[in-house]
Amino acid sequence: MKYALLSDIHGNLHALDACLAHAQAHGAERIAILGDLVGYGAFPSEVVARCQSLQNEGAIVLRGNHEELIQSHHINARNLSPSLGSQTAEWTHHQLSPAQRFWLEILPLTVQVEHMLMVHASADVPERWRYVEDERTASLSLDAACANPQVRYVFGGHVHHQSLYYRGAGRQLMAFKPTGGIPIPTPKHRQWIATIGSVGQPRDGNPRAMYALFDSTAEKLTFHRVAYDHRAAARAVREAGLPEFFAQRLETGK
Amino acid sequence: MKRLAAGSELDGFRIGACLHAGGMAHIYEVSYADDRAAPFEMVMKVPRMTAGDGAENIVSFEVEHQILQVLQGTHVPRFVAAGDLMTIPYLVMEHVPGLTLQQVLNEHAQQRTHAAVSDMARIGSAIARAAHSLHQQNTCHLDLKPANVLLHPDGHVVLLDFGLSCHAHYPDFLAEELRKAVGSPAWIAPEQVVGVRGDPRSDIFAIGVMLYELATGELPFGNPQTTGGMRQRLWMDPAPPRRLREDLPEWFQEVVLRCLEPEAAKRYPSAAHLAFDLEHPEQIKVTKRGKQVLGTPFLTHLKRWLKAAGMHYQPSPLPSQQIDEVPIVMVAVPHHEPSDAMLYSLRLSVARSLGLRPGARLAVVTVISPNQSSTSEHDKSETTLHRQYRTMLQQWAQPLDLSQHQTSYHVLESSDVANAIVRYAEGNNVSMIVMGAATRGLQMQRFVATTPIKVAMESPCTVILVKPSLPFERLMD
């Protein structure tokens, strides 16, 4: 089975559609959205609607920290200098219908399919949103997930970059920087944890959207970078009156 | 896995004779069980260990399993099929005919002979070309040794056994945080001893060890059994091969000892450079390294020992990127009534191309027509003509600062200039051709393919076409 793994869409409909089209062209059979559907971007309601219909067709959709952040509508009332993030969270709150917000609120934190555990952040404490950003934190997440002997793969997002960690010859995990578009053999007799990057807000200096395809039969994981109309996405952020910083971020990928 | 019986079947293959029973694996001749004709002869490699015997035993088989499937070209056995690693691990690949370099060495040892210098240069360049082809595919072999080098009857080399190799696109299962030495003690490069995996220059070191062995019958660093013994090569130079074998030319020692430099940065920057030298020995600039017969003084070794004590792991960039940064640049210099402006512009373009790439090598080439030389007149004899043109090329290159670039000069004879340039570029792994754009025939170009157009169309690499122009102040003269 070929899984398309997408995370951190952040209201970027242009990027989401580009990745979904790319995944479909590459034979993806099941979609998994690993959280942070909203926040920062100009199309939260459209993205949620798209993910709801994907879910109806069998897609996995998980909850991320931004799904919690947008629940409260008076984040900034008591804060005289709200952060850029909480400014967009409040804006996003008002863009979504109560039904959409409720749907986001009750999304699951983790799901296990075949030998995979999917989670937005770290599998040991999913509700605490800890970053998986190095060998040590990757190990905490992987060890917790692999307490279930069925699990050989942990896939997550949250950190907005693409990394793969694996068990090499030693006891500690090894970090590996993947090259886009290259299928990496990930045999299931080993244990693997990957952060699949961000669809809607890349931060590594390359504006292309990130996602990954996992072929559970061939046991191969491919990280992808997908070009999309990031200028149009940035323009929409400006037109919505959201902070200029988030528009520039889409243009530069930083 | 227990030994397979001849005549038995496994996954659609019929097992034949066991060709090799090594410490790690058995190798069997195989054919298709349904008697389908195979496009080439096949062997099956089956590891002795299975997953049940502990994961670490099977890791190198897993690495080969992964890498052999993606390597291409004539320098690796063609991949046919692989069994599931966890249940029936095996690899089926092409059975390449020929002798291993180890068999050649054994033969020499038995006969008490040494390989001829010309044979060693030929074998050495064939190994270097094979290694370069791997490096271009982002793979470092990391276990080059005579048993893994197969000399194909047609002259090219096929590399075997990728169990310790490293492909930059895949996680390296042999790497670990403690950075252990992984390799065969006699041929392992110094940086591999401290746990560096993935530097193509490690393979160049191993080629140096094999050439040393082929020339002298001895191993430059012996066959150490401990990490301490292996660490010696971090600072120690081996005895100069000319001390062990007097008839070795200085250029040969220069090549071998350059491969064996303890610091990777002092070796050939790519295997293509090494192949180039072995194929053009007359162009090698022999330094003290090639001439010495006494060995390295104690003080030098001591200094290096101190430096080596602090040597530690550093990650390597992608091999293909690393070798792209040290290209072989070829410039085609016209010899027939060239304009000053053209010669000047070619020089400027070469200077720019080399300036960005320290370590790049330059091949200065001109193509003369074969009927220019005459066997009867002395002034037109082949050697005299070649010497004249070579001098012309050297004069052309004089103003260039070539201190950081190995440079060689070549006079080619051919009636088809474009074809000669393209063949030369192909044959020497040239990465970039610089040549004049031939503006004179420009109007005709639509109808007749001029030399530069033909080169640009057929060349295996980048071509820079230079338009003649002189700097302003020179035009004022």
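This is a predicted model: local features need pLDDT of at least 70, side-chain atom pairs count only at pLDDT 80 or more; totals for chains, interfaces and linings use all residues.
**Chain A overall**
- The C-alpha trace of chain A spans about 50 × 35 × 35 Å along its principal axes.
- Chain A holds eight helices and twelve strands.
- Of its 254 residues, 46% count as buried.
- Take the contacts in chain A with a separation of 6 or more: 71% of them come from residues 24 or more positions apart.

**The open sheet of chain A**
- Six strands of chain A make an open sheet with mixed pairing. Their order is β4-β5-β6-β10-β7-β8.
- The edges belong to β4 (110-113) and β8 (173-176) of chain A. Each has a single partner strand, so one side of each lacks a neighbour in the sheet.
- On average, neighbouring strands of this sheet are turned by 20° against each other, direction ignored.
- Strand β7 (residues 162-167) of chain A pairs with β8(A) in the antiparallel sense, over four bridges. Within this pair, A:L164 stands opposite A:F176 of β8(A).
- Helix α6 (residues 135-145) of chain A packs on the sheet. This helix touches β5 (116-119), β6 (153-156), β7, β8 and β10 (192-196) of chain A. The direction of α6 makes about 115° with that of β8(A).

**Chain B overall**
- Chain B has 17 helices and 16 strands.
- Of the 477 residues of chain B, 41% count as buried.
- Among contacts in chain B between residues at least 6 apart in sequence, 70% link residues at least 24 apart.

**A covered strand in chain B**
- Strand β15 (residues 432-436) of chain B is mostly covered, with five of its five residues buried.
- In a regular strand, side chains alternate between the two faces of the sheet.
- Both faces of β15(B) are covered. B:M432, B:V434 and B:G436 lie on one side, B:I433 and B:M435 on the other, and all are buried.
- Strand β12 (residues 328-332) of chain B runs parallel to β15(B), joined by four bridges. Here B:V331 has B:V434 as its bridge partner.
- Strand β16 (residues 462-466) of chain B also pairs with β15(B) in the parallel sense, over five bridges. B:V434 stands opposite B:I464 in β16(B).

**Helix packing in chain B**
- Two packed helices are described by the angle between their axes and the distance between the axes.
- For helix α3 (residues 117-136) and helix α5 (residues 200-216) of chain B, the angle is about 165° and the axes are 11 Å apart. That makes α3(B) roughly antiparallel to α5(B).
- The crossing of α3(B) and α5(B) is right-handed.
- From α3(B), the residues in this contact are B:M120, B:I123, B:G124, B:I127, B:A128, B:A131 and B:H135. They meet B:P200, B:D203, B:I207, B:M210, B:L211, B:L214 and B:A215 of α5(B).
- Helix α8 (residues 250-259) of chain B has nine of its ten residues buried, so the rest of the structure largely encloses this helix.
- The buried residues of α8(B) include B:W251, B:F252 and B:V255, and also B:E254 and B:R258.
- The buried residues of α8(B) pack against α3, α5, α7 (241-244), α9 (271-279) and α10 (288-291) of chain B.

- Most residues other than glycine have a negative phi.
- A:E219 is not a glycine, yet its phi is positive, at about 55°. A:E219 sits in the loop between β11 (209-215) and β12 (220-226) of chain A.
- Is A:E219 buried or exposed? A:E219 is buried, because 20 other C-beta atoms lie within 10 Å and the cut-off for buried is 20 or more.
- B:R112, also a residue other than glycine, has a positive phi near 55°. Its place is the loop between α2 (101-111) and α3 of chain B.
- B:R112 is exposed, with 7 other C-beta atoms within 10 Å.

Definitions and conventions:
Residues are numbered from 1 along each chain as its sequence is written. Chains are lettered from A and ligands numbered from 1 in the order in which they are written. Two strands pair if DSSP finds at least two bridges between them. Helices (H or I, at least four residues) and strands (E, at least two) are DSSP runs, numbered from the N terminus. Axes are lines fitted to C-alpha atoms, for helices over the stretch in contact, and angles run from 0 to 180 degrees between N-to-C directions. Two residues are in contact if their C-beta atoms, placed from the backbone, lie within 7 Å. A residue is buried if 20 or more other C-beta atoms lie within 10 Å of its own, exposed if 12 or fewer, and partly exposed in between; C-beta atoms are placed from the backbone. Angles under 35 degrees count as roughly parallel, over 145 as roughly antiparallel, 65 to 115 as roughly perpendicular and the rest as oblique. A crossing is left-handed if the near helix is turned anticlockwise from the far one by less than a right angle, and right-handed if clockwise.
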